[in-house]
Every structure is written in C-alpha cells, then in structure tokens.
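Reader: I have a model open and would like to talk it through with you. Could you start with a contact between charged side chains and then work outwards?

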Amino acid sequence: MLKIFCIEDNVQEIYLVKYFLTESLKESFQFDHAPSLHESFEKLAVDKFEVAILDLGLHDSVGIMTINKFKEAYPNMPVIVYSADNHEEAIQSVLKAGADAFVSKHDGHPSEIAQVIELFKTIKK
C-alpha cells in the first residue's frame, strides 16, 4: 500500500489533497499529515512513507528553508511541493533545492498531486 505524508498547516488544504488523492489514485493508500516541519520529523522518525507533499508556508518554517531542511533530513524521499508561491523564480528555487515536483495551490489543482504520484510510481518500476 502506498504511504503518503502531507506537511500542511491548513486543515482545508489537507482535506482537499486527501479528497482528490482518493478520487484520482488508482490504488489504495495510507495518508497521514503534520501541521509543522517539527511534527513531521517526529512522525517520520517512527513511520516510513514513499512520498511527501510539502507546503512552504508553515508556522515553523517558511520558503526555501523548508525544502532545504526536509531534504537534509530525508534526501531520498520524493517531495511534491504544494505551495501558494507560484512565481517562476520560487518554483525553480525549490526544484534546485531538491523538490521532485511543484503543484501550485492557485494555478494548479490538488488532483495534479495524484498525477505526479502516478508518474513517480511508473519511474520507480
């Protein structure tokens, strides 16, 4: 079973992401989340996940430092950045910092996260 971890502090966004993953993924999955980077590290220390969905505007970490800290702790975990900051410069910065994909909260749609995860699974085979 695919295990997906979401680091997001907005409850409505968590609900949307989980709903669209449920509607869009072709297989069952386990979903967990944390509202802060600190809490995500605590949960990820005791449970392993195949992919992370990461917001860049958390209460305890903001912007490029969020992806830097996450990739430092979990360099091999694929990360989809799901962020409201959709300026081209910001997108390029997070991809250079190690994010595997970027989905915009404003211009994108949460179902795009499922498309990226399906792509990750195809590449992994």
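Author: Let me begin with D55 and K105, whose side chains meet in a salt bridge with an N to O distance of 3.3 Å. The pair links distant parts of the chain, since D55 sits in the loop between β3 and α3 (64–73) while K105 sits in the loop between β5 and α5 (111–124), and the two are 50 residues apart. Please keep in mind throughout that this is a predicted model.

Reader: Does D55 count as buried or exposed?

Author: D55 counts as buried, because its relative accessibility is 6%, and buried here means under 20%.

Reader: And which residues are linked with one another in a network of salt bridges?

Author: The network links E8, D55 and K105, so the pair we started with belongs to it.

Reader: How many salt bridges does the structure hold?

Author: The structure holds five salt bridges. One of them joins D32 and K43, with the closest N and O atoms 3.3 Å apart. D32 lies in strand β2 and K43 in helix α2 (residues 37–46), so this contact ties together parts that are 11 residues apart in sequence. D32 counts as partly exposed because its relative accessibility is 23%, and K43 is also classed as partly exposed, at 30%.

Reader: What about D100, which residue does it form a salt bridge with?

Author: D100 forms a salt bridge with K71, and the closest N and O atoms are 3.9 Å apart. D100 is in the loop between α4 (88–96) and β5, whereas K71 is in helix α3, so parts that are 29 residues apart in sequence are tied together. As for accessibility, D100 is partly exposed at 41%, while K71 counts as buried at 14%.

Reader: Switching to the sheet, what is the order of the strands?

Author: It is an open sheet of five strands in the order β2-β1-β3-β4-β5, and the pairing is parallel. β2 and β5 (101–104) stand at the edges with a single partner strand each, so one side of each is left without a neighbour in the sheet. From one strand to the next, the twist averages 20 degrees.

Reader: Why is β1 described as largely enclosed?

Author: Strand β1 (residues 2–7) has six of its six residues buried, so the rest of the structure largely encloses it. L2, I4 and C6 point one way from β1, K3, F5 and I7 point the other way, and all of them are buried. In a regular strand the side chains alternate between the two faces of the sheet.

Reader: How many bridges does β1 make with β2, and in which sense do they pair?

Author: β1 and strand β2 (residues 29–34) pair in the parallel sense over six bridges. Between these two strands the chain passes through α1, and this β-α-β crossover is right-handed. Looking at individual partners in β2, L2 is bridged to F29 and K3 to Q30.

Reader: And how many bridges join β1 to β3?

Author: Four bridges join β1 to strand β3 (residues 51–54), and these strands run parallel. Here the bridge partner of F5 is A52, and I4 stands opposite V51. Within β3, V51 and I53 point one way, A52 and L54 point the other way, and all are buried.

Reader: Where does the sheet go from β3, and which residue of β4 is the bridge partner of L54?

Author: β3 is joined to strand β4 (residues 79–83) by three bridges, with the strands running parallel, and the partner of L54 in β4 is V81. β3, α3 and β4 make a right-handed β-α-β unit.

Reader: Let me move to the surface: which residues form a nonpolar patch there?

Author: Y15, L16 and Y19 form a nonpolar patch on the surface, and together they have about 320 Å² of accessible area. Y19 is placed in helix α1 (residues 11–24), and it counts as partly exposed because its relative accessibility is 38%.

Reader: One last item, E42: where does it lie, and how is it classed?

Author: E42 lies in helix α2 and counts as partly exposed, at 47% relative accessibility. The C-alpha atoms of E42 and L25 are separated by 27 Å, the two residues being 17 residues apart along the chain.

Notes: Residues are numbered from 1 along each chain as its sequence is written. This is a predicted model: local features need pLDDT of at least 70, side-chain atom pairs count only at pLDDT 80 or more; totals for chains, interfaces and linings use all residues. Side-chain values use heavy atoms; hydrogens and water are left out. Patches are made of residues with over 30% relative accessible area and no salt bridge: like charges are joined within 9 Å, nonpolar side chains (Val, Leu, Ile, Met, Phe, Trp, Tyr) within 5 Å. Accessible areas come from the Shrake-Rupley method with a 1.4 Å probe; for residues, only the protein chains shown count as cover. A salt bridge is a side-chain nitrogen of Lys or Arg within 4 Å of a carboxyl oxygen of Asp or Glu. Buried means under 20% relative accessible area, exposed over 50%, partly exposed in between (1.4 Å probe, protein chains only). Two strands pair if DSSP finds at least two bridges between them. A crossover is right-handed if, with the strands pointing away from the viewer, the path from the first strand over the helix to the second runs clockwise. Axes are lines fitted to C-alpha atoms, for helices over the stretch in contact, and angles run from 0 to 180 degrees between N-to-C directions.
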